[in-house]
Amino acid sequence: MALRLVSARMGPFLRQRTLAAAAALAQQRGFAAAASDDEKLTVTVPVPFKTHKIDPPSQEVETSKAELLGFFTDMYKMRRMEIAADGLYKSKFIRGFCHLYDGQEAVCVGMEAALNYDDAIITAYRDHCTHLGRGGTVLEVMAELMGHRDGCSQGKGGSMHMYNKQHNFYGGNGIVGAQVPLGVGVAFGQKYNKLPNVTVAMYGDGAANQGQLFEALNIAALWNLPCLFTCENNHYGMGTAEWRSAKSPAYYARGDYVPGIKVDGMDALAVKQAFKFGKEYALQNGPLMLEMDTYRYHGHSMSDPGSTYRTRDEISGIRQERDPIERIRKLILSLELATAADLKAIEKESKREVDEAVDAAKSSPQPEEKLLYDHIHSGTPANFQIYGADRQHVTVKL
Amino acid sequence: MQRGTAALLRCARFLGELQPRRISSLETARCFSGAAMQAQPSAPEGYDGTAELKRMNLFTAVNDALHIALDTDPNSYIFGEDVSFGGVFRCTTGLAERFGRHRVFNTPLCEQGIIGFGIGLAAMGSRAIAEIQFADYIFPAFDQIVNEAAKCRYRSGNQFDCGGLTIRTPYGAVGHGGHYHSQSPEAFFTHVPGLKVVVPRSPSKAKGLLLASIRDRNPTVFFEPKGLYRMAVEEVPIGDYETELGRAEVLREGSDVTVVGWGAQMLVLERACDAVEKEGVSCELIDLQTLLPWDVDTVAASVSKTGRLVISHEAPITSGFGAEIAAKIAERSFLKLEAPVARVCGLDTPFPLVFEPFYLPTESKVADAIMHTVSF
């Protein structure tokens, strides 16, 4: 039963890897005495859910050893990947705009634990780890960041434009807040086609003040669309603190007529519980707002050192008190699901995986030239012309 | 250079040395809005030759202009995303400290709200200087600009206007900006009667044109070439001066072909002109400076002299502002034209990430177009 539960909640990527890794470790190290991989565990999340016009979900969260080790592995890999991206940016392998997710990993893994790949996700430009969560590979992200052919968008999109159609990841969008109405459209499609799925429309606390968000919210509520308006509140919209830009930073309550829940977004289990609850609610009742109280360690983008509008003490304080990976590490150790050495082994394996992906991404070729003018339209319109450096006009035929 | 003051006008890593301007009869005859123009020295307008010059890059020149704007009009305000911290391109550095956070303030991330707010503030008689962080982000505010700002005066029978509104926004390629940090959306706004659209090419022009835009009694969209913020450095006059809107500037005189552009593209055009001049082609290079209303007379007069026209901009070629120039010149100078008007522009693709060098109207593409045009 418990295995089925875990399977249903976790996507195939997560499931396969987690179980395989955990089983392998169990075999090697014999630490699985305390609990089998899929034995049901109940953990009480410490921070109560705050709610608006709805009863809160239980703080007692069901989980398993496999899931917790999966959280640890995935979040650690995400962290390594973002740190690698930071280094690659500084050494100019990655150019342009790049927004890192480290600190916010619990949102991604907790959310995915409650959803399956038939549920849709759409987010803004801080999307590298969302892509991993949706079953993407580190190579796809890294190659996309470098504009190389093995990238998930064939190197055409770059940092802000990760997509995975097969797993209903609608990207990776560059304009603040513009993805939310799209997400409502996806939710409409799900409802119209009577699919048992929801759409997670993610946005930041900065985007929470965009007008189109409220337009979309009204439509979603009016038509009871299965959309989870998910505000990843990392407390700074670019360089502006939330209190400077939002009259009410209680983002979970800003839907007025739409109920909302505020979640400790640094706690993967709390996030999972909220999304599990939210999915059930949205399928029956329509939209729900979920505010994830989280934090980004890096600046807004690579040109922002991230320390001019907040103190270094604040950042290090959050790292010490609320880090999502350390929280899961402590939980795993306290439940004696694995030893510190086991977790070190997972870390080492993640590092190796990221390093290999970075090498592969570096040696991935540039997209072929035809991709410059391919995919603009479906088919090529008549008289579509393009010219090269010699400015000789060539009618492109695709 | 002939003029002592002009000798100091150098764009160190930008346009090379500006050519001294000989005042031609064509230029003195040029007029816009019926007002006779005075002959212009090569130094910025309002620069009397005695003011101190200071070496500045483009963002510093913008910053300088904003200091002067706020200093000279207590009823002027600057707002936008992160501007009170200096903005992502440092253009608003020091303003909040100097003039107070009640005059230089951050807004939430809501472009439509920023511009709507600015229109209201301007309608109350203030000078509202709004920043949209990237020109690519201006589209959520498109309705406010096109339907509200531009028509405010007209539809109220001149009872109300938002002429105090100036929208500053960085545009253009930076080498790696990708789809949403590289675009040049100026042509959209040139399609809107009631607006003015201004694009400076250099620090001294940025300062003079920005001050003119802020003080102009029409809502103005001011596109700043973000690729030049740090790269373009020149001697900029200290103090208050305005560069007149609606006037093009002839950067170098020539006899074989007229080359027209604006903003950061002027750097590319300057290099292309240098390249073809080695082949014996004499180019007359014109910086339009203001796209709406644009200085038809200066361009038409030049084409009447050269018989050939090459236009270049970074935005995609189809329906770019070059199309308007080509059509107008075909109408005005049809019998003088000796070759088809050539346009060297961005490709009709979204602004690409890794393919940016293929997309851009580079020096070699422009030089090639010039050679084709003169040998037509």
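Colleague: Why is A:Leu145 called buried in this model?

Modeller: The model is a predicted one, and in it A:Leu145 has a relative accessible area of 5%. Buried means under 20%, so with its 5% A:Leu145 is called buried.

Colleague: Where does A:Leu145 sit, and which residues does A:Leu145 touch?

Modeller: A:Leu145 belongs to helix α6 of chain A, which covers residues 138-145. Leaving aside residues up to four places away in sequence, A:Leu145 touches A:Ala85, A:Ile94, A:Cys98, A:His128, A:Ser159 and A:Met162.

Colleague: Why is A:Trp223 called partly exposed?

Modeller: A:Trp223, which is placed in the loop between α8 and β7 of chain A, has a relative accessible area of 45%. Buried means under 20% and exposed means over 50%, with partly exposed in between, so the 45% of A:Trp223 makes this residue partly exposed.

Colleague: What makes A:Trp223 part of a nonpolar patch?

Modeller: A patch takes residues with over 30% relative accessible area, and the 45% of A:Trp223 is over that cut-off. A:Trp223 forms the patch with A:Phe188, A:Tyr192, A:Ile219 and A:Leu222, and together they have about 560 Å² of accessible area on the surface. The elements that give two or more residues to this patch are α7 (179-192) and α8 (211-222) of chain A.

Colleague: How do you know that β2 and β5 of chain A stand at the edges of the sheet?

Modeller: The open sheet has 7 strands in the order β2-β10-β11-β7-β6-β4-β5 of chain A, with mixed pairing. β2 (50-52) and β5 (169-172) each have a single partner strand, so one side of each is left without a neighbour in the sheet. Neighbouring strands here are turned by 20° against each other on average, with direction ignored.

Colleague: How do you know that β7 and β11 of chain A are paired?

Modeller: Two strands pair if there are at least two bridges between them, and 6 bridges join β7(A) to β11 (residues 288-293) of chain A, so the two count as paired, and they run parallel.

Key. Residues are numbered from 1 along each chain as its sequence is written. Chains are lettered from A and ligands numbered from 1 in the order in which they are written. This is a predicted model: local features need pLDDT of at least 70, side-chain atom pairs count only at pLDDT 80 or more; totals for chains, interfaces and linings use all residues. Side-chain values use heavy atoms; hydrogens and water are left out. Patches are made of residues with over 30% relative accessible area and no salt bridge: like charges are joined within 9 Å, nonpolar side chains (Val, Leu, Ile, Met, Phe, Trp, Tyr) within 5 Å. Accessible areas come from the Shrake-Rupley method with a 1.4 Å probe; for residues, only the protein chains shown count as cover. A salt bridge is a side-chain nitrogen of Lys or Arg within 4 Å of a carboxyl oxygen of Asp or Glu. Helices (H or I, at least four residues) and strands (E, at least two) are DSSP runs, numbered from the N terminus. Buried means under 20% relative accessible area, exposed over 50%, partly exposed in between (1.4 Å probe, protein chains only). Axes are lines fitted to C-alpha atoms, for helices over the stretch in contact, and angles run from 0 to 180 degrees between N-to-C directions. Contact means heavy atoms within 4.5 Å.
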